[in-house]
Amino acid sequence: MATLQSLGDLAGATAPAAPEAPVHVQKLDKLGRAYATGKRKDAVARVWIKPGKGEIKINDRDVEVYFARPVLRMLLTQPLGVANRVGQYDVMVNVVGGGLSGQAGAVRHGLAKALTYYEPELRSPLKKAGFLSRDSRVVERKKYGHKKARRSFQFSKR
């Protein structure tokens, strides 16, 4: 260890260590699929993706049958659109809990995570679009003495 004589010597003595960026590697199962879990409100979606013709099955049903509203179908295909991978992956989803809107959000979150596991270079555009962060907003619980979470009963002085 060298003895330092001045502040000028201190600057040269400690070289800042360059922080290494985390290296993301491909995570696949034995069948060559990427798996991820997505969550939104009370819904939890387990998502598997593999290269294919672009079929999307949700709870063993076609996506047009399960999510009848076009807005929900558009919501869950957003990560594929951002990554320019529409029609390139077969998506198999098992989703439970919550309502249809929460389930669509959970599928979107899980699909984005599964895409990053299959193709790690897609992490940057998906993260920039906000698909990799879990929306932590949940319904506030009902309080006693109240009609709902914050709504009180009507008060009358008479």
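Predicted model: local features only at pLDDT ≥ 70, side-chain atom pairs only at ≥ 80, totals over all residues.

Trainee: What volume does the largest pocket have, and which residues line it?

Mentor: Rolling a probe the size of a water molecule over the atoms shows where empty space is left. A pocket is an open set of points on a 1 Å grid over the protein atoms alone, where a 1.4 Å probe fits, with protein on both sides within 12 Å along at least five of seven lines; lining residues have an atom within 4 Å of a point. The volume, the space filled by probe spheres set on the points, is about 180 Å³. Among the lining residues are Lys39, Arg40, Arg108, His109, Phe131 and Asp135.

Trainee: Which element gives the most to that lining?

Mentor: Helix 4 does, with 4 residues. Helices (H or I, at least four residues) and strands (E, at least two) are DSSP runs, numbered from the N terminus.

Trainee: Is Arg40 buried or exposed?

Mentor: Buried means under 20% relative accessible area, exposed over 50%, and partly exposed in between (1.4 Å probe, protein chains only). Arg40, in strand 1, has 18% relative accessibility and therefore counts as buried. Its contacts (heavy atoms within 4.5 Å), leaving aside residues up to four places away in sequence, include Gly105, Arg134 and Asp135. Arg40 also belongs to the covered face of strand 1, with Ala34, Ala36 and Gly38, whereas Tyr35, Thr37 and Lys39 form the uncovered one.

Trainee: What is the strand order of the sheet?

Mentor: Strands pair if DSSP finds at least two bridges between them. This open sheet of 5 strands has the order 1-2-5-3-4, with mixed pairing. Strand 1 (34–40) and strand 4 (61–62) stand at the edges with a single partner each, so one side of each lacks a neighbour in the sheet. Strand 1 runs antiparallel to strand 2, joined by 7 bridges, and Ala36 stands opposite Val47. Strand 3 and strand 5, by contrast, pair in the parallel sense over 3 bridges, with Met92 as the bridge partner of Lys57.

Methods
Residues numbered from 1 in each chain as written. Heavy atoms only, no water.
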